Amino acid sequence: MHTGKVWLVGAGPGDPGLMTLRGRQVLGQAQVVVYDSLVGPGVLGMVPQNAQCIDVGKRAGNHPVPQEQINAILLREAQKGLRVVRLKGGDPFVFGRGGEELELLCQHGIDFEIVPGIPSAVAVPAYAGIPVTHRDCCSSFHVITGHTRKGQGPQIDFEALVRLKGTLVFLMGVSSLEAICRGLMEAGMSEKMPAAVLERGTTAFARRVVSTLALLPKDALQAQIGTPAIIIVGEVCALESQFAWSEKRALGGMRVVLTRARGTSESLREKLQQRGAEVVEMPMISTRLLEEPSGLDAALQRLGDFGWLAFTSAAGVRHFLTYLKKSRRDIRCLAGLRLAAIGPATCQALEQAGLMADLVPGEYTAAGLGEALSQAARGQRVLLLRAKVASAQLTRCMEEAEIDYEDVPLYETADEASLLSPQGVLTGDSREFVCFLSASAVRAFAAQCQPEVLKQVQAVCIGEPTAAAAEQAGMRAFVAACACEDAMVQRLEELWKARG
Ligand code: SAH
């Protein structure tokens, strides 16, 4: 058996956009992922579906998995011949104990690669509008651990640090904040030196306290600053008032959880990220082509009987095209047929295959499509290509208008078991919103949540039926003005503005 390999990958400080391209590529190929608590949910959402995930940040009692045990896990999984990704917050070698993990692998001749990550020491200040160096005030910056052993103060040579006159960045220092500030002042640093504590930087829940060396401990205590946080000391902290930028973005500070099927959230995710939201993908459902889509083959053999093909989702279009390919047909067999799509996303899925929809209703709902077809398809037969469980409104409309149709079930929806669960992801924070694009996603989500958790959920829904399902599950539901992605983004923007 061939031995496996370990990739030591830096996941960046939280914002999934700060994961490197190389890191993403390697993660996409992983068979085992060993991660700890600093890796943000946005990055965990990139873990491939069938990779085995080992959480070594989980605190049993109060102790994280001991380092020797983590080393042993990496060795064991690699010896099984697997591709193992060891995913760590920030950069794996900046106070990440990456070196220790490699030693055991080296002893056993296991292959490895290192993918550096963006370190929090630089990125967290940057997101707060603090450049770690600036020509006018410093010529170096220094990264120091503030970690202390039980019962001891930090073992730091404060005099040496003060002499350097550079920007000082302390990691793991929140519990020693007072001792650090006092140590620097006793070593001669001005009590007026600008200083800041930056909590959960680069994420939607980022908070900061910018103050002076003398006042920072009291100010941070008052703000109840928690971990993870970095302490930064130096003239550069004064630039924050001028350079702060991340929370000024349209959705800066908002966290959006997307629940739709894997691989279908890309464009919505990008729109939200461009506006500064932190996006977490937590697919609650998946769709799959029915094994034997009953009636589909028969319908395809007599396509000439139909005047229209109607699609009610982008997933429907994708599964239909997959089936065509599987049955060795190509889109030329659709020549002469007219195409109806329920809304913009379905249209776009058609366009990707070079097909232009002839009809999109004014209202992107099953009823809207039914009414539009009732007019347009008079005297013609319509082939509906939909999910196994689909809205009766569409067929009711067509029956009332005496339109001849055949309803062919194409795919089915199933609940998805993903690495991220609502219990693990949801914070109950008022800056968090959950997007639902179907009632089935609402139901799958609700099935995994306690009623008290559901009550806190702010659900932004694509249409009335989805919102009704969310309300029924006990969530606070908000509906987009029309059933499309852009309207969902707009609804989120309105909610964010209303918050002030
Ligand atoms: N390898 C990591 C650092 C690990 S030490 C890196 O390069 O970033 C853990 C410390 O990093 C935390 O105690 C905290 O001081 C800092 N840290 C990591 N992520 C952070 C974040 N998003 N916001 C603030 N501090 C963070």
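How many residues surround the ligand, and which are the closest? The ligand is surrounded by 18 residues, and the closest are Asp-91, Val-94, Ser-120, Gly-201 and Ala-229, where a residue is near a molecule if one of its heavy atoms lies within 4 Å of it. This is a predicted model, in which local features need pLDDT of at least 70, side-chain atom pairs count only at pLDDT 80 or more, and totals for chains, interfaces and linings use all residues. Residues are numbered from 1 along each chain as its sequence is written, and side-chain values use heavy atoms, with hydrogens and water left out.

**The shell around the ligand**

- By class, the shell has 12 nonpolar, 4 polar and 2 charged residues, with Ala, Val, Leu, Ile, Met, Phe, Trp, Tyr, Cys and Pro counted as nonpolar, Asp, Glu, Lys and Arg as charged, and the others, Gly among them, as polar.
- Domain 1 (5-118) and domain 2 (122-246) each give at least three residues to this shell, the domain bounds coming from an automatic or database domain assignment.

**Backbone atoms beside the ligand**

- A nitrogen atom of the ligand lies 2.8 Å from a polar backbone atom of Asp-91, and a backbone N or O atom of Pro-13 is 2.9 Å from a nitrogen atom of the ligand.
- For Met-172, a backbone N or O atom lies 2.9 Å from an oxygen atom of the ligand.

**Cysteines**

- The count of disulfides (pairs of cysteine sulfur atoms within 2.5 Å) comes to 0.
- The sulfur of Cys-435 is too far for a bond, because the closest cysteine sulfur, in Cys-461, is 8.5 Å away.

How values were computed. A polar contact is a pair of N or O atoms within 3.5 Å; within protein, one must be able to donate a hydrogen and the other to accept it, and residues adjacent in sequence count only if both atoms are side-chain atoms.
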